[in-house]
Amino acid sequence: METNFKTGDTVAVVDDTIKGVVTEVKEAIITLETEDGFLMTFESSELVIIKGDQKEFSKYLDIKNDVLIEKERSSVKKKSAKRLKGRELPPLEVDLHIHHLIKSTRGMNNHDMLTLQLDTARRQLEFAIKKNIQRVVFIHGVGEGVLQKEIEFLLGRYNVEVRPASFQKYGFGATEVYIYQNQYS
């Protein structure tokens, strides 16, 4: 594995789609500036140098780096061993209890808390749609049912099927959403 990083090297992160230029080397800690201008720090074992003949870095291209080639081979073996059907994939669980979203509710009234919970639900649902996640479970609790009603109203704006989540796992306090994915996008 390459550990001779120097300032100016173009590098890529092994387990992510981050690419950048080395700005600082301190022993095994490497700081790089991403293509978006962010400074990020990694251990040298998490990075590989992109050679001049490798114009693009992507796991879908012919990568001439032994570490990445081996990593790709091992991930292909793992994926083929785990063939899961859509229904067997676990859902994205979003816990909307306020104490899971923020450290303190000091200075917040009920409307502020409800708005934060609904914004979180909307963001997570849009994330699931973007990432083609087919099932999302919103854990809202039982309470007076205000949050549950508002979530159901929010979900009515999307192409989704809404039903109560598994009683054995969540009790009465969760709603499961099945997202109908557009096959042509």
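1. Surface patch. Val142, Phe167 and Phe172 make up a nonpolar patch on the surface, and their accessible area together is about 370 Å². Patches take residues with over 30% relative accessible area and no salt bridge; like charges are joined within 9 Å, nonpolar side chains (Val, Leu, Ile, Met, Phe, Trp, Tyr) within 5 Å. Areas come from the Shrake-Rupley method with a 1.4 Å probe, and for residues only the protein chains shown count as cover. Val142 sits in the loop between strand 7 (135-139) and helix 4 (146-155). Val142 is exposed, at 55% relative accessible area. The cut-offs: buried is under 20% relative accessible area, exposed is over 50%, partly exposed lies in between (1.4 Å probe, protein chains only).

2. Basis. This is a predicted model: local features need pLDDT of at least 70, side-chain atom pairs count only at pLDDT 80 or more, and totals for chains, interfaces and linings use all residues. Residues are numbered from 1 along each chain as its sequence is written, and side-chain values use heavy atoms, with hydrogens and water left out. Helices (H or I, at least four residues) and strands (E, at least two) are DSSP runs, numbered from the N terminus.

3. Helix 3, length. Helix 3 covers residues 110-130. Its 21 residues should span 30 Å at 1.5 Å a residue, and the end C-alpha atoms are 30 Å apart, so the two agree. The expected span is 1.5 Å times one less than the number of residues.

4. Met113, Leu114, Gln117, Leu118, Thr120, Ala121, Leu125 and Ala128 are buried in helix 3. They lie on the same side of helix 3 because their arc around the axis is only 155°. The arc is taken over the directions from the helix axis to the C-beta atoms. An α-helix has 3.6 residues a turn, so residues three or four places apart point the same way. Exposed His111 and Lys130 are on the face turned away from the buried side of helix 3.

5. Helix 3, packing. What do the buried residues of helix 3 pack against? The partners are strand 6 (92-95), helix 2 (98-101), strand 7, helix 4 and strand 9 (174-179). Gln117 lies in helix 3 and counts as buried at 11% relative accessibility. Beyond its neighbours within four places in sequence, Gln117 is in contact (heavy atoms within 4.5 Å) with Leu96, His97, Ile98, Leu101 and Leu147. Gln117 and Glu150 are 33 residues apart along the chain, with their C-alpha atoms separated by 9.8 Å.

6. Strand 1. Val13 belongs to strand 1 (residues 10-13). Val13 counts as buried, at 5% relative accessibility. A separation of 9.2 Å lies between the C-alpha atoms of Val13 and Ser45, 32 residues apart along the chain.

7. Salt bridges. How many salt bridges does the structure hold? There are 7, each a side-chain nitrogen of Lys or Arg within 4 Å of a carboxyl oxygen of Asp or Glu. One of them joins Lys19 and Glu35 (3.6 Å, N to O). This pair links distant parts of the chain, 16 residues apart: Lys19 is in strand 2 (residues 19-26), Glu35 in the loop between strand 3 (29-34) and strand 4 (39-43). Lys19 is buried at 17%; Glu35 is exposed at 61%.

8. Glu93 forms a salt bridge with Lys169, with closest N and O atoms 3.0 Å apart. Glu93 in strand 6 and Lys169 in helix 5 (residues 167-170) are 76 residues apart, and the pair links distant parts of the chain. Glu93 is partly exposed at 38%, while Lys169 is exposed at 57%.
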